[in-house]
Amino acid sequence: MKNINLIYPELQTAQKIVITMHQKPDGDAMGSTLGLYHFLIQFGHEVNVISPTNWADFLKWMPGCTTVLDYEKDVKKSDVLIENADWIFCLDFNTLSRTKNMESALLKTKATRILIDHHQQPQTEVFGFGVSDTTKSSTAEMVYDFIMNSGFEDKINNEVAQCLYAGVMTDTGSFRFPSTSADVHSMISNLKTKGLNHSMIHEALYDNFSENRLRFIGNTLLNRMEVIYEYNTALIYITQDDLIKYNIKTGDTEGLVNYPLSIEGIKLAAIFIDRGEERKCSFRSKGNFDVNTFARTYFNGGGHFNAAGGQSYDPLEMVVSTFKQVIKNYKNELSTYQF
Ligand code: 5GP
Ligand code: MN
């Protein structure tokens with residue numbers, strides 16, 4: 001994988017470009033891809049954003065979101081775009097398997113694959129160019145750096161700014177995680193100087209949910225959460241019946257895993273959601289417990305040091321009991337709590 005700066009000389013030559021992200025895109029995946037989209041279309045490129053799967057309703061306010069293709073709904077059209085592209089930007093994921101059913105089309109194409117990502121252990125051999133930096137708060141911050149280093153800062157219009165702000169804000173837990181560097185605050189300061197209305201974005205993302213989602217959270221915290229004080233650990237499990245009963249859609253469960261971490265002393269939080277075709281797992285930690293390695297070792301996943309995910313094809317009860325078993329291997333690390 002060569003340095004992404006090497007593509008700058010070709011930035012002004014019109015090209016066919018596809019931008020994609022990880023399946024079930026979150027705020028950073030959608031914000032970084034659409035931010036890059038609004039930057040690139042200003043050069044006259046033909047740009048298409050393709051998501052491997054559907055996405056949450058709370059992302060739909062983002063400028064350009066209605067033009068995003070859902071690969072699972074539009075396989076033929078997407079395959080043609082991927083096949084005929086000159087460049088394919090791959091944002092906010094480290095391995096092509098994170099694009100689920102799109103993986104084979106991405107491997108087959110003769111297009112140059114370009115990575116912009118902040119996850120650990122990227123599959124560098126499949127990318128022609130790219131930048132991977134695990135110290136970065138978000139992929140949106142990296143897209144901002146890419147634009148600033150290109151010499152085209154003047155192309156950061158309101159659409160670019162809104163999308164990138166949403167990406168950085170969601171991936172930093174509203175600027176509270178340790179990854180929120182001075183550079184992040186400088187970036188936001190610059191976007192504000194350019195006229196960004198940040199409170200509108202917080203409202204669009206966090207004050208726009210359905211009543212049933214709030215009742216679902218109430219039920220989950222009351223009836224589906226277990227606290228294991230011996231290991232400073234808390235877990236939540238969600239059954240398929242819960243998802244049906246409260247009409248829970250993609251994205252409605254996002255952020256739930258953070259609730260148990262707000263309990264004093266809790267160092268590791270986990271959520272297991274029975275999505276039918278798989279059991280989705282999410283892990284969050286405070287301090288020095290590495291959930292990236294934990295998710296890789298036991299749950300087919302990965303991510304970052306303090307936030308990682310994975311999946312399992314075992315029944316929900318088995319996944320929960322596996323989790324309760326394997327945390328025993330970390331008794332020393334978990335039972336002492338240090339800030
Ligand atoms: P979440 O728990 O919110 O789905 O994901 C937390 C972090 O871990 C995100 O950065 C996400 O991209 C990453 N992640 C989630 N699931 C997986 C997975 O199955 N494999 C890898 N490598 N990373 C994941
Ligand atoms: Mn991210």
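Trainee: Leaving aside neighbours within four places in sequence, which residues is His202 in contact with?

Mentor: Contact means heavy atoms within 4.5 Å. Once the neighbours within four places in sequence are set aside, His202 is in contact with Tyr165, Met169, Ser174 and Asp207.

Trainee: What pLDDT do local features need in this predicted model?

Mentor: Residues are numbered from 1 along each chain as its sequence is written, while chains are lettered from A and ligands numbered from 1 in the order in which they are written. Side-chain values use heavy atoms, with hydrogens and water left out, and because this is a predicted model, totals for chains, interfaces and linings use all residues, side-chain atom pairs count only at pLDDT 80 or more, and local features need pLDDT of at least 70.

Trainee: Does His202 count as buried, partly exposed or exposed?

Mentor: His202 sits in helix H7 (residues 198-206); helices (H or I, at least four residues) and strands (E, at least two) are DSSP runs, numbered from the N terminus. Buried means under 20% relative accessible area and exposed over 50%, with partly exposed in between (1.4 Å probe, protein chains only). His202 has 21% relative accessibility, so it counts as partly exposed.

Trainee: How far is His202 from Thr170 in space, C-alpha to C-alpha?

Mentor: Along the sequence, His202 and Thr170 are 32 residues apart. In space, the C-alpha atoms of His202 and Thr170 are separated by 9.3 Å.

Trainee: Ser174 is not a glycine; what is its phi?

Mentor: Ser174 lies in the loop between H5 and helix H6 (182-193), and is partly exposed, with a relative accessible area of 35%. Most residues other than glycine have a negative phi. Ser174 has a positive phi, of about 60 degrees.

Trainee: And what is the phi of Asn247?

Mentor: Asn247 is found in the loop between helix H9 (240-245) and strand S10 (268-274). At 49% relative accessibility, Asn247 counts as partly exposed. Asn247 is not a glycine, yet has a positive phi of about 55 degrees.

Trainee: Which residues touch the most other members of the largest nonpolar core?

Mentor: A nonpolar core is a set of buried Ala, Val, Leu, Ile, Met, Phe, Trp, Tyr and Cys residues joined through side-chain atoms within 4.5 Å. The largest one holds 53 residues, and the members that touch the most others are Ile19, Phe39 and Phe89.

Trainee: What relative accessible area makes Val47 buried?

Mentor: Val47 lies in strand S3 (residues 46-51). Beyond four places in sequence, Val47 is in contact with Ile17, Ile19, Tyr37, Leu40 and Ile41. Val47 is buried, with a relative accessible area of 10%.

Trainee: Why does Gln23 count as buried?

Mentor: Gln23 lies in the loop between strand S2 (16-21) and helix H1 (27-40). Leaving aside neighbours within four places in sequence, Gln23 is in contact with Pro52, Thr53, Arg98 and Lys100. Gln23 counts as buried because its relative accessibility is 13%.

Trainee: Which residues are closest to ligand 1?

Mentor: A residue is near a molecule if one of its heavy atoms lies within 4 Å of it. Ligand 1 is surrounded by 16 residues, and the closest are Arg98, His119, Lys280, Ser282 and Arg284.

Trainee: How far is an oxygen atom of ligand 1 from an N or O atom in the side chain of Ser282?

Mentor: A polar side-chain atom of Arg98 lies 2.8 Å from an oxygen atom of ligand 1, and an N or O atom in the side chain of Arg284 is 2.8 Å from an oxygen atom of ligand 1. For the side chain of Ser282, the distance from an N or O atom to an oxygen atom of ligand 1 is 2.6 Å.

Trainee: Which strand supplies the largest share of the shell around ligand 1?

Mentor: Strands S11 (279-285), S12 (302-303) and S13 (307-312) each supply at least two residues of that shell. The largest share is five residues, and it comes from S13.

Trainee: How far apart are the C-alpha atoms of Ser282 and Ala270?

Mentor: Ser282 is in strand S11 and, at 11% relative accessibility, counts as buried. Its contacts beyond four places in sequence include Ala270, Ile271 and Gly309. Ser282 and Ala270 are twelve residues apart along the chain, and their C-alpha atoms are separated by 5.6 Å.

How values were computed: Polar contact = N/O pair within 3.5 Å; in protein donor to acceptor, adjacent residues only side chain to side chain.
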